[in-house]
Amino acid sequence: MMRSDEYLLDNQQTEAGERFDAFASLFDPTTFRHLDGLGIGPGWRCWEVGAGGTSVVSWLAKKVGPTGRVLATDIDTSRVAPAARPPVEVRVHDVGADEPPGEGFDLVHARLVLVHVPDRERALRSMVKALRPGGRLLVEDADPALQPLVCPDEHGPEQQLANRLRQGFRHLLADRGADLSYGRRLPRLLRDAGLCRVEADAYFPVSSPASVALESATVRQIRCRLVAAGHATDQDIDRHLANIDSGDMDLATAPMISAWGRKA
Ligand SMILES: C[S@@+](CC[C@H](N)C(=O)[O-])C[C@H]1O[C@@H](n2cnc3c(N)ncnc32)[C@H](O)[C@@H]1O
């Protein structure tokens, strides 16, 4: 079992805040469209799993209003703590190891979390268990193996270097038990977990300033580990950071697959 201190992208590091801002720019519109489609509204009781930063939790709080509830959990709540005021409650919780933090939720949502949880089967069971009958589950996760490149248009040495470093990042994630083909499995896993009316789609940024910010923060955050594991040299990383600072590179992310369904 991965302990919280083994999570590769520690929330305490300064780059974590930059990564959460980039996730919000890249993925909040998709997430909010799905949550609106599921009918989120006043009075709903929501569990935001692996909340990370504040953007999704704050949006949920506005939607559910004072009669609703938003429980935001994470193994490290330092970045979501500023959102902790009614109707938001913040709690330290490991979704792969702890009992669900309650039952009867109208909505359970996790974005870019389960890929990182070694016992993601247990985590999914726990999330389904926490729903009331008829409650909605939305799981959004990356599928880096479906599109592994940060530069799908690999037309020069800068792009080749970027893709080589991305491959190193994928190795580091896999070494810590991340499932890099998880996203594509979600619709089947949700059905197997007993959900009905299951659907899924994907969003895949191909070039955006937020992808550049995400790449820069991620590479700076894992720099020492990339070098220690022999995936890159310090010179490679300096060159890559200078390349992306130049503003001329189109950087993509892995597709984010969103899958949703209802508890029977
Ligand atoms: C890639 S970030 C995504 C954050 C946020 N959901 C978003 O989309 O912006 C992954 C988050 O999952 C949290 N996390 C990792 N393993 C976890 C676990 N076992 N239980 C709960 N949270 C976990 C991390 O601390 C981090 O905040």
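Visitor: How many bridges join strand 1 to strand 4?

Guide: Strands here are DSSP runs of E of at least two residues, helices are runs of H or I of at least four residues, and both are numbered from the N terminus. Two strands pair if DSSP finds at least two bridges between them. In this predicted model, strand 1 (residues 45-49) runs parallel to strand 4 and is joined to it by four bridges. Tryptophan 47 has valine 108 of strand 4 as its bridge partner.

Visitor: Before we continue, what conventions apply to the model?

Guide: Local features need pLDDT of at least 70 in this predicted model, side-chain atom pairs count only at pLDDT 80 or more, and totals for chains, interfaces and linings use all residues. Residues are numbered from 1 along each chain as its sequence is written, and side-chain values use heavy atoms, with hydrogens and water left out.

Visitor: How many residues of strand 4 are buried?

Guide: Buried means under 20% relative accessible area, exposed over 50%, and partly exposed in between, with a 1.4 Å probe and protein chains only. In strand 4 (residues 105-111), seven of the seven residues are buried. Four of the five residues of strand 1 are buried, so strand 1 is largely enclosed by the rest of the structure.

Visitor: Is aspartate 143 buried or exposed?

Guide: Aspartate 143 counts as buried because its relative accessibility is 0%. This residue lies in the loop between strand 5 and helix 4 (157-175). Aspartate 143 and tyrosine 182 are 39 residues apart in sequence, yet their C-alpha atoms are 5.8 Å apart in space.

Visitor: What should I look for around the ligand?

Guide: A residue is near a molecule if one of its heavy atoms lies within 4 Å of it. Of the 17 residues around the ligand, Gly50, Asp74, Asp94, Val95 and Arg111 come nearest. A polar contact is a pair of N or O atoms within 3.5 Å. An N or O atom in the side chain of aspartate 74 is 2.5 Å from an oxygen atom of the ligand, and a polar side-chain atom of aspartate 94 lies 2.8 Å from a ligand nitrogen atom. The ligand taken alone exposes 590 Å², of which the protein buries 98%; these areas come from the Shrake-Rupley method with a 1.4 Å probe.

Visitor: Where does the backbone call for a second look?

Guide: Most residues other than glycine have a negative phi, and most peptide bonds are trans. Leucine 112 has a positive phi, near 60°, and lies in the loop between strand 4 and helix 3 (120-129). Arginine 197, in strand 6 (residues 195-203), also has a positive phi, near 50°. The peptide bond from proline 86 to proline 87 is cis, with omega near 10°.

Visitor: How many disulfides does the structure hold?

Guide: A disulfide is a pair of cysteine sulfur atoms within 2.5 Å. The structure holds zero disulfides. For cysteine 196, the nearest cysteine sulfur is that of cysteine 46, 19 Å away.

Key: A polar contact is a pair of N or O atoms within 3.5 Å; within protein, one must be able to donate a hydrogen and the other to accept it, and residues adjacent in sequence count only if both atoms are side-chain atoms.
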